[in-house]
Amino acid sequence: MRKLAREAAFKIVFANLFHDGNGKNFCSAIYRQEKLEDEDCAFAQRLVDVVTEHKDELLALIGERVERFADYRIYAVDKAIMLVALAEIKYFEDIPPVVSVSEAAALAQKYSTEKSADFVNGVLGGIINE
């Protein structure tokens with residue numbers, strides 16, 4: 001289920017914000033914890049790889065949309081969620097951008113602050129509506 005795969009990818013990307021290059025053992029442990037099947041593991045790993053490869057570009061996109069926010073003021077959870085969503089939006093042509101935004105808002109609602117879902121939705125919505 002892609003929803004669980006996105007959640008697993010988010011957890012790995014979040015951890016990578018604090019410790020670059022978590023190994024395959026870490027990723028495998030997250031995939032087992034989420035009880036992902038092979039196809040979903042592949043999807044999650046592709047998301048993580050795309051975020052890792054294009055992190056600077058994706059962070060720049062976020063930075064352009066939140067001009068009045070210093071980077072350090074964006075919660076790490078929200079940043080990780082937006083990185084995963086932007087990876088999908090920019091590099092996964094088979095996924096409609098509105099699905100990526102909706103899934104990101106749902107993750108923010110589950111893992112972040114009360115206002116984070118609206119923040120994430122607004123930033124990502126602004127990017128896809130450019």
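**Stop 1: helix 5 and helix 6**

Look at how helix 5 and helix 6 cross: the crossing is right-handed. Keep in mind that this is a predicted model. Select residues 76-91 for helix 5 and residues 97-111 for helix 6. Their axes come within 9 Å and cross at roughly 165°. That angle makes helix 5 roughly antiparallel to helix 6, because angles over 145 degrees count that way.

Now show the side chains where the two helices meet. On helix 5, pick V77, I81, A85, E88 and I89. Facing them on helix 6 are P97, S100, V101, A104, L107, A108 and Y111. Colour this contact by residue type: 10 are nonpolar, 1 is polar and 1 is charged.

**Stop 2**

Select helix 5 by itself. How many of its 16 residues are buried? The count is 13, so helix 5 is largely enclosed by the rest of the structure. Next, check its length. At 1.5 Å a residue, helix 5 should span 22 Å. Its end C-alpha atoms are 22 Å apart, which agrees.

**Stop 3: helix 4 against helix 5**

The axes of helix 4 and helix 5 come within 10 Å and cross at roughly 105°. That makes helix 4 roughly perpendicular to helix 5, because the range for that label is 65 to 115 degrees.

Select K55, E57, L58, L59, L61 and I62 on helix 4. They meet K79, M82, L83, L86, A87, K90 and Y91 on helix 5. The residues of this contact divide into 9 nonpolar, no polar and 4 charged.

**Stop 4: K90**

Zoom in on K90, a residue of helix 5. Is K90 buried, partly exposed or exposed? Its relative accessibility is 40%, so K90 counts as partly exposed. Leaving aside residues up to four places away in sequence, K90 touches L58 and L61. Now draw a C-alpha to C-alpha distance from K90 to S112. The two are 22 residues apart in sequence and 24 Å apart in space.

**Stop 5: helix 3**

Move on to helix 3, residues 38-53. Its 16 residues should span 22 Å at 1.5 Å a residue. The end C-alpha atoms of helix 3 are 22 Å apart, which agrees.

Which residues of helix 3 are buried? Select D40, C41, F43, A44, Q45, L47, V48, V50 and V51.

Technical notes. Residues are numbered from 1 along each chain as its sequence is written. This is a predicted model: local features need pLDDT of at least 70, side-chain atom pairs count only at pLDDT 80 or more; totals for chains, interfaces and linings use all residues. Side-chain values use heavy atoms; hydrogens and water are left out. Axes are lines fitted to C-alpha atoms, for helices over the stretch in contact, and angles run from 0 to 180 degrees between N-to-C directions. Helices (H or I, at least four residues) and strands (E, at least two) are DSSP runs, numbered from the N terminus. Angles under 35 degrees count as roughly parallel, over 145 as roughly antiparallel, 65 to 115 as roughly perpendicular and the rest as oblique. A crossing is left-handed if the near helix is turned anticlockwise from the far one by less than a right angle, and right-handed if clockwise. Contact means heavy atoms within 4.5 Å. Ala, Val, Leu, Ile, Met, Phe, Trp, Tyr, Cys and Pro count as nonpolar, Asp, Glu, Lys and Arg as charged, and the others, Gly among them, as polar. Buried means under 20% relative accessible area, exposed over 50%, partly exposed in between (1.4 Å probe, protein chains only). The expected span of a helix is 1.5 Å times one less than its number of residues.
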